[in-house]
Amino acid sequence: MARDIIALDPFARFRAATRARIGLGRAGDGLPTTALLEFQLAHAKARDAVHGAVDWDALEEHLPAPAIRVKSLAADRSTYLRRPDLGRRLDPSCAHLLSKGDWDLALVIGDGLSAAAVHTWAVPVVWALHMRLGCLSMAPLVLAEQARVALADPIGEALGARISVMLIGERPGLSVADSLGIYMTHGPRSGRRDGERNCLSNIHAHGLAPAAAADKLVWLIRQSLRLGLSGVGLKEETPSLQPGQGPTPGLLPPSSD
Amino acid sequence: MPVYATVLGGERHVFADLATLLACASPRRSGDELAGLAATSELRRVAARMALADLPLKTFLSEALIPYEADEVTRLIIDSHDAAAFAPIAHMTVGQLRDWLLSYDADGATLAALAPGLLPEMAAAVSKLMRNGDLVAVAAKIRVVTAFRSTIGLPGRLSSRLQPNHPTDDPLGIAASTLDGLLFGVGDAVIGINPATDNVEACITLLTMLDEVRQRFDIPTQSCVLTHVSNSLQAMEKGAPLDLVFQSVAGTEAANRGFGIDLALLAEAEQAALGLKRGTVGGNVMYFETGQGAALSADAHHGLDQQTVETRAYGVARAFRPLLVNTVVGFIGPEYLFDAKQIIRAGLEDHFCGKLLGLPMGVDVCYTNHAEADQDDMDVLMLLLGNAGVNFLIGVPGADDVMLNYQSLSYHDVVGLRHLLDRKPAPEFESWLMRMGLADSNGKVPPLGGDAAPLRRLLAGG
């Protein structure tokens with residue numbers, strides 16, 4: 001064992017306050033082997049989350065109702081990563097699956113940048129939302145492959161929904177590879193700008209719990225319907241997450257393929 | 001409008017305008033492909049470079065890529081052009097400029113004198129004719145020195161930003177990451193936080209906390225909360241201990257409007273920060289971040305390739321005498337820079353162009369998890385930039401930014417690079433490290449035992 005690897009941990013008292021990789025010790029000027037490999041493990045999880053495919057069949061089994069399957073114009077993951085514009089547009093071959101109705105809400109689950117996030121958190125969020133809808137009407141659920149946030153615009157428009165909501169895998173970090181984001185847009189139609197959406201982010205085991213996210217989302221939906229808008233003109237004012245309010249685990253196990 | 005063309009193997013390659021020529025001459029990258037501006041074949045790319053090599057530099061003075069009337073960045077660039085500084089190269093083509101930059105005639109003093117005579121677009125153009133090694137070799141000749149409480153950019157020095165971000169701005173968490181970095185000798189360029197809560201009150205809380213840490217240990221460095229310039233202005237009005245004004249800047253008026261800024265606002269903020277007179281060894285009070293792809297992502301690139309429009313951001317930055325400028329090169333994502341090859345190239349271009357234009361250029365050597373890159377690639381870019389004489393690099397604990405969810409360099413990387421290339425921190429900071437017992441008599445920062453006196457001192461104070 002190299003003499004200059006730190007044996008004690010003077011950072012022990014800080015570790016509860018941050019997930020940052022502090023006090024890793026040194027092998028000369030480099031990282032000690034354990035810290036090096038832990039980093040590589042975290043990066044591997046993040047990479048697998050980005051490049052993994054959502055198991056839509058397994059997901060659908062756990063949803064409250066049958067869903068419609070669509071895909072974007074990005075044919076594969078490599079195209080998806082290079083061409084965000086294609087990930088925002090609906091593949092025309094899917095258009096006939098979406099028929100116009102009269103709905104308050106269209107809910108879309110998109111893979112985004114983390115299949116793991118969709119596997120772990122989409123089902124609990126959908127159920128939590130389902131139980132809070134009250135008299136709000138919701139179009140058939142849509143599952144969207146190679147989806148960017150704005151893909152919910154043409155989908156919501158085609159379904160004739162007053163509001164579209166996209167649940168989507170967020171770009172993985174090293175500390176969290178399975179974080180889900182929610183984006184709400186009033187009057188969905190192609191060409192809506194990001195400033196016209198409201199976002200709830202960081203739904204994961206150390207962030208926002210599905211029930212709390214659903215509470216906030218329902219509040220946003222009702223406000224949006226009342227005001228007839230979404231985005232910067234609609235500030236979220238629901239009570240913030242209380243400490244100790246732990247998230248419930250997903251019904252599906254995380255998948256790495 | 002003139003048409004540019006070159007004949008290659010019996011085929012005539014035509015480029016409709018200067019913007020098209022520059023875009024086609026650019027090394028391949030996903031952002032230009034996304035914008036539909038990239039050369040459609042490798043042959044066409046070389047044809048564009050051949051036409052560009054024969055282009056007189058004076059063309060850039062007569063042919064604005066974005067009209068003077070339509071864009072205040074163009075007006076700034078044209079109005080501040082120094083014809084006398086340009087005179088020594090006024091007769092050259094872009095290709096001749098490349099040869100001259102590499103020549104022994106172009107030494108550090110000559111290049112420093114040239115900077116005000118160069119338009120950003122000239123720097124962009126010549127960079128497109130240079131290999132990675134050329135970008136390193138020419139940049140290494142240029143020194144840009146700035147100062148506030150420490151002096152950054154001196155020969156034989158390599159400074160660093162300590163970036164102790166925390167997902168909820170937890171004071172203890174930020175303090176822990178800060179102390180960890182100081183033990184590695186990181187933080188002589190700035191201790192700079194990207195705030196999770198982006199409002200004036202939160203910003204003042206963080207500024208106050210950083211200033212207390214700095215004063216408690218008498219650290220000769222500056223702190224910064226990387227919030228919007230309008231928040232910094234309000235914080236200064238409320239008496240917050242603000243050292244540096246931060247702002248992201250881009251290369252067009254429309255893209256800057258997307259950031260919620262214009263040139264007048266930057267000027268107002270610089271004057272306000274100068275008025276606080278907090279610098280001890282110098283009066284550079286601005287900190288700018290830039291990055292290829294920013295203008296395109298704001299749909300405000302005016303048909304310019306992302307590298308050319310990036311250099312116009314340097315044209316904005318240099319008007320405000322910044323202490324620090326860095327490109328966040330790999331942060332923007334694979335739709336602009338797809339993989340490590342593109343990130344490494346862009347990092348070297350940004351550093352070279354910034355230095356050539358007279359900026360105190362640093363680089364956030366970084367990538368996101370959806371780009372085709374990893375820490376091995378960051379090692380390569382870091383080693384190249386170290387040899388290119390980069391003013392500063394950014395370090396986060398274990399290379400993992402837990403707030404912004406991307407990977408930069410680690411504190412280990414910074415200390416390792418300094419030792420490998422025999423570069424020291426800023427002189428004021430180096431003296432402090434020695435005073436604290438963190439650096440040895442050779443200026444090296446060795447590993448400490450867990451019960452070492454300097455460690456105990458810092459932790460007791462934390």
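Take B:Ala399 as the example: 24 other C-beta atoms lie within 10 Å, so B:Ala399 is buried.

Thanks for coming, everyone. Please keep in mind that this is a predicted model, where local features need pLDDT of at least 70 and side-chain atom pairs count only at pLDDT 80 or more, while totals for chains, interfaces and linings use all residues. Residues are numbered from 1 along each chain as its sequence is written, and chains are lettered from A and ligands numbered from 1 in the order in which they are written.

Let's stay with B:Ala399 for a moment. Its phi is near 70°, a positive value in a residue other than glycine. You will find B:Ala399 in the loop between strand E12 (392-396) and strand E13 (400-401) of chain B; helices here are DSSP runs of H or I with at least four residues, strands are runs of E with at least two, and both are numbered from the N terminus.

Now for B:Asp299, where phi is also positive in a residue other than glycine, near 55°. Is B:Asp299 buried or exposed? B:Asp299 counts as exposed, because it has 11 C-beta neighbours inside 10 Å. Its loop runs between helix H16 (294-297) and helix H17 (306-317) of chain B.

On to a helix, H18 (residues 340-356) of chain B. H18(B) is mostly covered, with 15 of its 17 residues buried. After H18(B) comes B:Gly358, whose phi is positive, near 90°.

Next, the domains of chain B. The assignment, which is an automatic or database one, gives domain 1 (1-55) and domain 2 (146-435). Their centres, taken over C-alpha atoms, are 33 Å apart. How many residues of domain 1 of chain B are in contact with domain 2 of chain B? There are 12, and they meet 17 residues of domain 2 of chain B, where contact means that the C-beta atoms of two residues, placed from the backbone, lie within 7 Å. On the domain 1 side, helix H1 (18-25) and helix H2 (30-34) of chain B are the elements that give two or more residues, and H2(B) gives the most, with four residues.

Between the chains, 36 residues of chain A are in contact with 33 residues of chain B. On the chain A side, the elements giving two or more residues are helix H1 (33-51) and helix H3 (77-82) of chain A, with H1(A) giving the most, six residues.

Last stop, the strands of chain A, where two strands pair if DSSP finds at least two bridges between them. Strand E1 (residues 68-71) and strand E3 (residues 142-145) of chain A pair in the parallel sense over four bridges, and A:Arg69 stands opposite A:Leu143 in E3(A). Strand E2 (residues 103-110) of chain A also pairs with E3(A) in the parallel sense, over three bridges. There, A:Leu143 in E3(A) is the bridge partner of A:Ile109. Happy to take questions!

Note on methods: Buried ≥ 20, exposed ≤ 12 C-beta atoms within 10 Å, placed from the backbone.
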